[in-house]
Amino acid sequence: KLSKKIKKVIIIFYNKENLLFNYKLDKKNYQKLIERNSINFIKIKTNKKNTFKVEDDQSVLKTFYIKNNNKKRLVIIVILDGMSYDIAKTLKYTNKFFGKSYSNVWSNAEWTLPSFNNLITGNFTSSHNCYKPETLDFENNQIKNSLNIFNYFKNQDFVTGCYSGNDRFNPYYNNIEGVDIFRYCKNQRAPEVVDNMIAHIEMFKEKSNFIIGHLLDGHHLLGKVKPIELANFDSEENLYYKNFLPTEKKNKGFLKTAHRVWYEYYYNYKFNLFNYADFKLNTLYRYLNKNRFDDFSIILLGDHGSRFTENKNYQKLLNPEINKIGFFIKDKKFNGKIKKDKNISIIDIFPSMTSRFKDKKNKKFESFDGTNSLFSNFHKEIILSESLYKNKFSLLAKYKNYLYLQTFDLKEDKSISNRATFFTDSNMMEIKIKNKRITEILKKLDEYCTKHLKNNFKI
């Protein structure tokens, strides 16, 4: 039954099985064609209708309420999966819209599941505990903090949306709690995801909107191309074998050449995929330039980087190629006021946003590992990145051009043991302790890491 206390009802619907949505208004039958590449909805004015019913008993309707407000604010966070800092510098349309990428932004994890949860909770992987891909075990693999960035903006009367084709953006992880409209964009690339974000803004164009969009264009699309060590030379299914390997007997000289050819092919292929996404993102940029908002903050970032080089020093799971990401922001209030070389990490985005868009009830949040390093003069000296995967744990600390990596064995109860340490420069070349200054830097990093480990692990 439609309440007269509500002026207008918007029914949003999806159906993978059928092309028609069947429903009843005041006992009369209706059908609406389902479009695959846009948000499907029906608007009903309650002063003219009394009842609404969905014919399909399996359908689930999610209810959320929108309050009238005078301000039209927009916050968009676009995640371009795998966008490293080096990739970000090549994106023509993105650099034109935002300006140059920030140069010292690091992800706090090495892959999408923990990194996305770093973003929406403002906490390290070891705090939110959502990092196990092989299981959806409710107790051990669900984020523990119900306060996430979606809930934060929803409580401020933003309409919240999330558009992604990644399995890791999954309600079971509790990481889309507070999302009004969530669409799983399976097998969709940049054009479809961009269309969904624009459609969301258009649908609620008189309201405030918070949207996270996730583009997978540069991720895992070359799955059959394997490094030379893993290539099955006799397999016609292997693109590497099919395109690059001659039929004569392989030798060490050939393997060295094949390495170079493979990496060159992979490098160019990946960059073309990111440039395609950049070209399609320009549709969103043009749309945003043509529309006016009372306030806005637009962010584009990588959830992690991409591995390109053959540099053996970068074979560690955490390294600058994987953790140094591209990051862009366009903000109505702070545009041009944020230093692009300041240290920022993904866990800092949520706490920064709570400062930028203050809670109207003036609530204080003390559950963040991150800090407001975006919209303040605070200088973060050390950035930490973690990798928790099965029985292994790694911790990387970055200070200026120094990197301190520790690896451990990890147990289910989060106890760690068998520590190995590596002290390197920004290219992950080992640094030898030769003077007092280097000794003090290493000591500073070790003390900082030890404090973090004691707070989050059993040592």
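**Exercise 1.** What does the accessible surface of the protein chain come to, and what percentage belongs to carbon and sulfur atoms?

*Solution.* The model is predicted. Its protein chain has an accessible surface of about 23,900 Å². Carbon and sulfur atoms hold 48% of that surface.

**Exercise 2.** Describe the protein chain by its secondary structure, its buried residues and its contacts.

*Solution.* Step 1: the secondary structure consists of 11 helices and 17 strands. Step 2: the chain has 459 residues, and 52% of them are buried. Step 3: take the contacts with a separation of 6 or more; 68% of these join residues 24 or more positions apart.

**Exercise 3.** Locate lysine 43, and decide whether lysine 43 is buried, partly exposed or exposed.

*Solution.* Step 1: lysine 43 lies in strand β4, which covers residues 40–45. Step 2: its relative accessibility is 45%. Step 3: buried means under 20% and exposed means over 50%, so lysine 43 is classed as partly exposed. Step 4: Lys43 also belongs to a positive surface patch, together with Lys8, Lys45, Lys48 and Lys205.

**Exercise 4.** Where is asparagine 18 found, and how far apart in space are asparagine 18 and leucine 33?

*Solution.* Step 1: asparagine 18 sits in the loop between β1 (8–13) and β2 (20–25). Step 2: the relative accessible area of asparagine 18 is 40%, so this residue is partly exposed. Step 3: in sequence, asparagine 18 and leucine 33 are 15 residues apart. Step 4: in space, the C-alpha to C-alpha distance between asparagine 18 and leucine 33 is 9.2 Å.

Key:
Residues numbered from 1 in each chain as written. Predicted model: local features only at pLDDT ≥ 70, side-chain atom pairs only at ≥ 80, totals over all residues. Heavy atoms only, no water. Helix = DSSP H or I, 4+ residues; strand = E, 2+ residues; numbered from the N terminus. Buried < 20%, exposed > 50% of the residue type's maximum accessible area, 1.4 Å probe, protein only. Contact = heavy atoms within 4.5 Å. Areas by Shrake-Rupley, 256 points an atom, 1.4 Å probe, with all protein chains shown as cover. Patch = residues over 30% accessible without salt bridge, like charges linked within 9 Å, V, L, I, M, F, W, Y side chains within 5 Å. Salt bridge = Lys/Arg side-chain N within 4 Å of Asp/Glu carboxyl O. Lys, Arg positive; Asp, Glu negative; His and termini not counted. Charge placed at Lys NZ, Arg CZ, Asp CG, Glu CD.
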